[in-house]
Amino acid sequence: MDSLTVYICTYNEEENIQNCISSIVVNGYNNIIVIDASENDLTKEKAEEFGAKVIKTSKGLAGQRQVAIDNCETEYLMFVDADDRLEKDCINKLLYELEENSYDAIQASLRVFNPKSYWQKGMDANLQYCINSTGKTKMIGRPALYKTDVLKKVGMDISFNGVGNEDAALSIKMENYGGIQGKGTGISFRHHPKSFKENFIAWKKYGKGDAQLIRKYPNKILNILKHLLFVYPIYRSFKFIQNKKSKYIFYPILIGLVRVVTMFINLVYVKKESR
């Protein structure tokens with residue numbers, strides 16, 4: 001248990017942080033460090049109340065994670081979001097599967113915590129039927145567990161700070177390094193935005209991140225276009241219908257549409273600005 005440090009990167013998460021920490025402690029792990037960029041809220045105080053160490057830094061997820069990587073002295077490092085609630089034994093399952101399969105990084109499977117709205121149920125179906133396939137992969141998100149020595153060599157791409165798609169950028173760097181990535185059976189239940197407006201804002205941020213991925217890794221453009229123009233609107237809609245979730249097919253269709261439109265607008269806008 002002393003071989004793992006769990007990092008939670010936060011910005012104004014006073015409502016979430018204690019429940020997140022509790023779910024980690026229930027897994028049997030107490031070496032928890034919060035990398036906090038909050039302003040005018042009680043994230044730091046509430047985290048410390050539950051036994052976590054807090055490091056204050058400036059806002060930006062990629063930068064905050066790099067602080068964690070530089071700080072980590074244990075064999076394994078895990079990134080967990082404040083809105084994640086890890087099921088009991090999630091971490092042990094991931095550690096076992098990481099070593100059993102000789103992975104350098106492994107992502108937990110995801111479900112939406114207590115889905116009630118159309119958009120929450122749509123995301124839960126997206127996770128359950130389209131994303132949660134275990135095994136070797138080239139792209140992982142979070143929560144995720146890493147071998148620290150590999151992650152220190154790879155590092156975060158700070159150019160994605162505040163842009164979005166930090167996970168995708170890190171996975172590409174892991175792939176280029178030769179790191180082996182996978183998805184595991186440990187489950188995290190994540191609080192997901194309830195309203196269309198909140199989801200729309202998140203999709204636009206991903207679209208902005210997609211544009212940054214193309215600028216930084218132009219060899220990935222066909223994969224990104226396939227993901228946005230085929231995988232989301234067509235393949236995932238089919239999976240929804242196949243699993244009797246057809247009422248939620250607007251969810252993957254709208255994600256792909258909003259992201260690809262935002263991506264092209266951002267690419268054109270930045271290109272014009274640079275002239």
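Predicted model: local features only at pLDDT ≥ 70, side-chain atom pairs only at ≥ 80, totals over all residues.
**Helix 3**

I started with helix 3 (61–71) and found eight of its eleven residues buried, so the rest of the structure largely encloses this helix. I count a residue as buried under 20% relative accessible area, with a 1.4 Å probe and protein chains only. Helices here are DSSP runs of H or I with at least four residues, strands are E runs of at least two, and both are numbered from the N terminus.

Residues are numbered from 1 along each chain as its sequence is written, and side-chain values use heavy atoms, without hydrogens and water.

Next I listed the buried residues of helix 3: Leu-61, Ala-62, Gly-63, Gln-64, Arg-65, Gln-66, Ala-68 and Ile-69. They pack against strand 1, strand 2 (32–36), strand 4, helix 6 (148–154) and helix 7 (166–177), with contact taken as heavy atoms within 4.5 Å.

**The cavity**

How many cavities of 30 Å³ or more are there? I get one, and the largest cavity holds about 30 Å³ of space. A cavity is a set of points on a 1 Å grid over the protein atoms alone where a 1.4 Å probe fits but cannot get out, and its lining residues have an atom within 4 Å of a point. The volume is the space filled by probe spheres set on the points, which are joined across faces, edges and corners.

I read off the lining as Tyr-7, Ile-8, Cys-9, Leu-61, Arg-65, Phe-79, Val-80, Asp-81 and Arg-142. Strand 1 (4–10), helix 3 and strand 4 (76–80) each give two or more of these, and strand 1 has the largest share, with three residues.

**Helix 1**

In helix 1 (residues 17–26), I found Ile-17, Gln-18, Cys-20, Ile-21, Ser-23 and Ile-24 buried. Their packing partners are strand 1, strand 2, helix 2 (43–49), strand 4, strand 5 (84–86) and helix 4 (90–100). Just after helix 1, I noted that Gly-28 has a positive phi of about 95°.

**Helix 5 and helix 9**

Last, I looked at helix 5 (residues 118–131) and helix 9 (residues 221–242), whose axes come within 10 Å and cross at roughly 90°. The two are therefore roughly perpendicular, a label for angles of 65 to 115 degrees. Axes are lines fitted to C-alpha atoms over the stretch in contact, and angles run from 0 to 180 degrees between N-to-C directions.

Technical notes:
Parallel < 35°, antiparallel > 145°, perpendicular 65-115°, else oblique. 1 Å grid on protein atoms, 1.4 Å probe; cavity = no way out; pocket = protein on both sides within 12 Å on 5 of 7 lines; lining within 4 Å. Buried < 20%, exposed > 50% of the residue type's maximum accessible area, 1.4 Å probe, protein only.
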